[in-house]
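Reader: Hey, I've just opened this one and I'm new to it. Can you walk me through what I'm looking at?
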Amino acid sequence: MCRAGISRRLPLLSVRLALTPCGSVPFSTSAHALSIRTDSTFFSSNNSRNGLVSAGQFQGKSLQRWEATLRDAPGSRRGFSLIETLDLLALLLILPSTFYLLGSIYPPSTLSLLFPRPAPPPLRAESEEGKAYTAKLEQELQKLPIVKEMRAMTVKPDGSEGEWYETRPMAKSLHPHSLTSSVLRGPSMFALPPLAFVKNNESSAIIVLHVGRSLCGHDGIIHGGLLATVLDESLGRNALLNIPSKIGVTATLNVQYKKPTKADQFIVVRTELDSIAGRKVNVSGSIESLDGEILATAQALFVEPKYAQYLKNSGVSAALGERPRPRILDMDDTKEERVKPQPGKA
C-alpha cells in the first residue's frame, strides 16, 4: 500500500481505536467517526510525520467535542444532587401513603370485592348491641329518599287515600322454621322486616329491605341463592295476592344476575304483575341498589294448587302484608268522634 493511502487511513484508524475501549459509546455515535474521516482529508500525503501529528491533534479535539455533545444531550446520564435525591425519596414515600389513605376512605369497587373489609361476628338479637344495631337500621330505613318519596304517594294532598299503600310483610313469623322471617331474622342477616309500597290494585310493588354481612357466599357479596330467595318471596307476594285463595306455589323461577350485590346495604325489589290465566300467575321483577343500579332480574310463574281451598289462608295473608282495610265507623263511634272531651273541661 502506498504512503499516501496509509496517511489517509491513519486518522480514521486512530480515532476508532481511541473510541472503541469506551464501554458507554453507543452504536449511533459512528456518525462522528464518519465526520472525522471526511474532515481528515486535509492531511498532506507527502509528509507522513506531519500527517500523524495532525491526526493526533485532530483526534484530541474531535474526542473533546464528541464528549461535550454527549454530555449535553437530553438523555445523558448524570448523578443526582442531594436535593433531587431527597425530593425523589419524599415522592416515593408520600404517593403510596396518599393512595392507601384514599383507597381506605373510598375503596374501588373491584378491590373491595376482591379484598373485603373484615367484618365482626354477627350480634345476637336479644343483646343490647343487637337491639341498638336494629334500631339504628330502622332509623336509616325511614330516612331513605325512596321511602319518603313512596310514602308521599300513599296519601293525596287532600288527605284521602293515595294510589299506593304501605305495609310490612313478614313482620311476624309464620312459624319458628320460616327461613326469612325466623331462621335468618336478626342482626347481620335480615335485621328488619321488609318495607313494602304496593299499588292498590296489587299490580306492582316496591319493597325495601336490608341484607346483612352474614348472608354472603364470597365474603362481602350476598349469596346468589339468597337473592333468588328474596326474588321468590317478593314475586310470590305479588302473585299470591292476585289469587282468590291467597295460596300458590312456585312453578318456575328464572334469575339473571347482572352485578355482584354487596352485603350490608339496603336494596330495592320491584315487582310487576304480567298476566293471570286461570290458576296461573306470571310476574317479573328486579333487585336494584339505592342508586338504581340493576343487580338481578327474574321472571316467575306461580300456580294455585287444586287443594288450595282446603288450606287455611288467614296466616298467609297476614304474613304477606295485605292491604289494610279502612276502618268503618258505626253510629256510636261517629258520636265519639264528633263529641271529643276537651282538655281541662269535665
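Predicted model: local features only at pLDDT ≥ 70, side-chain atom pairs only at ≥ 80, totals over all residues.

Reader: Ok, and which are the buried residues of helix 7?
Author: They are Ile146, Val147 and Met150. They cover an arc of only 100 degrees around the axis, which puts them on the same side of helix 7.

Reader: What's on the face of helix 7 turned away from that buried side?
Author: That face carries exposed residues, namely Pro145, Lys148, Glu149 and Ala152.

Reader: You mentioned helix 6. Which residues are buried there?
Author: Gly130, Leu137 and Leu141 are buried in helix 6. Seen down the helix axis, they fall within an arc of 40 degrees, so they line one face of helix 6.

Reader: And what do they pack against?
Author: The buried residues of helix 6 pack against helix 7 (145–152), strand 2 (195–199), strand 3 (204–211) and strand 5 (265–277). Turned away from that buried side are the exposed residues Glu128, Glu129, Lys136 and Gln139.

Reader: How far apart are the end C-alpha atoms of helix 6?
Author: They are 21 Å apart. Helix 6 has 15 residues (128–142), and at 1.5 Å a residue it should span 21 Å, which agrees.

Reader: Let's zoom out. How many helices and strands does the protein chain have?
Author: The protein chain has 11 helices and seven strands. Of its 346 residues, 32% are buried.

Reader: What about contacts along the chain?
Author: Take the contacts with a separation of 6 or more: 68% of them are accounted for by residues 24 or more positions apart.

Reader: And what does the accessible surface come to?
Author: About 22500 Å² for the protein chain, with 59% of that belonging to carbon and sulfur atoms. There's also a nonpolar patch on the surface, with about 900 Å² of accessible area together.

Reader: Which residues form that patch?
Author: Leu82, Leu86, Leu88, Leu89, Leu91, Leu92, Leu95, Phe99 and Leu102. One of them, phenylalanine 99, is found in helix 4 (residues 82–105).

Reader: Is phenylalanine 99 buried or exposed?
Author: Phenylalanine 99 has a relative accessible area of 56%, and since the cut-off for exposed is over 50%, it counts as exposed.

Reader: New topic: I clicked on serine 188. Where is it?
Author: Serine 188 is found in the loop between helix 8 (179–183) and strand 2. With a relative accessible area of 13%, serine 188 is buried.

Reader: What does serine 188 touch?
Author: Leaving out residues up to four places away in sequence, it touches Pro122, Leu123, Tyr133, Gly212, Arg213, Ser214 and Leu215.

Key: Residues numbered from 1 in each chain as written. Heavy atoms only, no water. Helix = DSSP H or I, 4+ residues; strand = E, 2+ residues; numbered from the N terminus. Expected span 1.5 Å × (residues − 1). Buried < 20%, exposed > 50% of the residue type's maximum accessible area, 1.4 Å probe, protein only. Arc of directions from axis to C-beta. Contact = heavy atoms within 4.5 Å. Areas by Shrake-Rupley, 256 points an atom, 1.4 Å probe, with all protein chains shown as cover. Patch = residues over 30% accessible without salt bridge, like charges linked within 9 Å, V, L, I, M, F, W, Y side chains within 5 Å. Salt bridge = Lys/Arg side-chain N within 4 Å of Asp/Glu carboxyl O.
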